[in-house]
Structures are given as structure tokens and as C-alpha cells.
Amino acid sequence: MSVDLSTQNLFTYGTLQTEEVQLATFGRRLQGHADALPGYTLRTIEIQDEDFVAKSGTAIHRNLQFTGDPSNFVEGTIYSVTQQELEQADRYEPDGYKRVLVQLRSGAKAWVYLVAGSV
């Protein structure tokens, strides 16, 4: 079995930035740097996925809302992760979330998670 060592960019704005979630999800602390996602704002939602609530510690989470207005932006952190870690992040996210490719303020392309229908 071969291991894919290629990396992907992952932009996070919520619980994936916390050390305890990173250790539980990836088995390591991620190293990243600040960036921002233009054209979006944050809204608060309540998560119904009980497994996710147990993993994240709360049912209330921030989620992205697309505005299309470049003066709106969401600050967060961009991390370089392996394809395997990206798949681990897929499993971490709650039901109803999807991973989409976006362009950050820095010009970097990165994957981000948001509630389906918020784009």
C-alpha cells in the first residue's frame, strides 16, 4: 500500500484551529499561518450531529455565509495537510457540511468546510 505524501491547503475558522481537536483528528498539532476568506461572513448555527457535538464540546458553531462582497471576510488559519489528513478532517466534520475549494486573500487556494447550501 502506498502513502500519498502530497499536501493540500486547509483553511479553518473554527474548531479545527484548536489543539485538542487537531490532536484528536490528526494525531498532531498543525502548524499554520493567518489568512482570510473574502466574500463570506460568519453566522452561528446549532449542530444536531451528537458525535460531532461530543468531539467539539459544543452544539453552537460558527459557519460561513457567502455574501459575494469582497469587503466581507472571515479570518482564520491555513494549514498544509496530507491527503490522508484531509480525509480525516472530512470524517471529523458534522453531517451536512461539505468541503469546497476557495481562494484566500493571500491568493492561495485551500479547502474549507461549510454547511451545504451556504454558498
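pLDDT is the predictor's confidence in each residue, on a scale from 0 to 100. This is a predicted model, in which local features need pLDDT of at least 70 and side-chain atom pairs count only at pLDDT 80 or more, while totals for chains, interfaces and linings use all residues. Residues are numbered from 1 along each chain as its sequence is written, and side-chain values use heavy atoms, with hydrogens and water left out. Over the protein chain the mean pLDDT is 86, and 91% of the residues reach 70 or more. Where pLDDT is low, the predicted coordinates should not be read in detail.

A nonpolar core is here a set of buried Ala, Val, Leu, Ile, Met, Phe, Trp, Tyr and Cys residues joined through side-chain atoms within 4.5 Å, and buried means under 20% relative accessible area, as against exposed at over 50% and partly exposed in between (1.4 Å probe, protein chains only). The largest such core has 29 residues, of which Leu-10, Tyr-13, Leu-16 and Leu-64 touch the most other members. At least two residues of this core come from each of strand S1 (7–12), helix H1 (19–26), S3, strand S5 (73–82), helix H3 (83–92), strand S6 (97–103) and strand S7 (109–115). The largest share, five residues, is supplied by S7.

After H1 comes Gly-27, whose phi is positive, near 75°.

Tyr-79 has its place in S5 and is buried, at 5% relative accessibility. Leaving out residues up to four places away in sequence, Tyr-79 touches a list of residues that includes Leu-10, Thr-12, Leu-16, Gln-22 and Gly-32. One of these, Thr-12, is 67 residues from Tyr-79 in sequence, yet the two are 7.9 Å apart in space, C-alpha to C-alpha. Gly-76 also has its place in strand S5 and counts as buried at 9% relative accessibility; with neighbours within four places in sequence left aside, Gly-76 is in contact with Phe-11, Thr-12, Tyr-13, Gln-17, His-33, Ala-34 and Asp-35. By contrast, the C-alpha atoms of Gly-76 and Ala-59 are separated by 20 Å, although these residues are 17 apart along the chain.

Glu-85, in helix H3, is buried at 8% relative accessibility, and touches Phe-26 and Arg-28 when residues up to four places away in sequence are not counted. Glu-93 is placed in the loop between H3 and S6 and is buried at 13% relative accessibility; leaving aside its neighbours within four places in sequence, Glu-93 is in contact with Leu-16, Phe-52 and Tyr-113. Another loop, between S3 and helix H2 (50–56), holds Ile-47, which is buried at 8% relative accessibility. Ile-47 and Asp-95 are 48 residues apart in sequence and 8.6 Å apart in space, C-alpha to C-alpha.

The aromatic rings remain to be described. Rings of Phe, Tyr and Trp (its six-membered ring) pair if their centres lie within 6.5 Å, with planes under 30 degrees apart counted as stacked, over 60 as edge-to-face and the rest as tilted. A search of the whole structure finds one aromatic pair. The ring centres of Tyr-40 and Phe-66 are 5.2 Å apart and their planes stand at 70°, so this pair is edge-to-face. The pair links distant parts of the chain, with Tyr-40 in strand S3 (residues 40–46) and Phe-66 in strand S4 (residues 60–66), 26 residues apart. Tyr-40 is buried, with a relative accessible area of 6%, whereas Phe-66 is partly exposed at 41% relative accessibility.

Two further rings have a charge over them, a description that requires NZ of Lys or CZ of Arg within 6 Å of the ring centre and within 35 degrees of the ring normal. Arg-99 lies over the face of Trp-111, 4.6 Å from the ring centre, and the charged end of Arg-105 sits over the ring of Phe-73, at 4.5 Å from its centre.

Note on methods. Helix = DSSP H or I, 4+ residues; strand = E, 2+ residues; numbered from the N terminus. Contact = heavy atoms within 4.5 Å.
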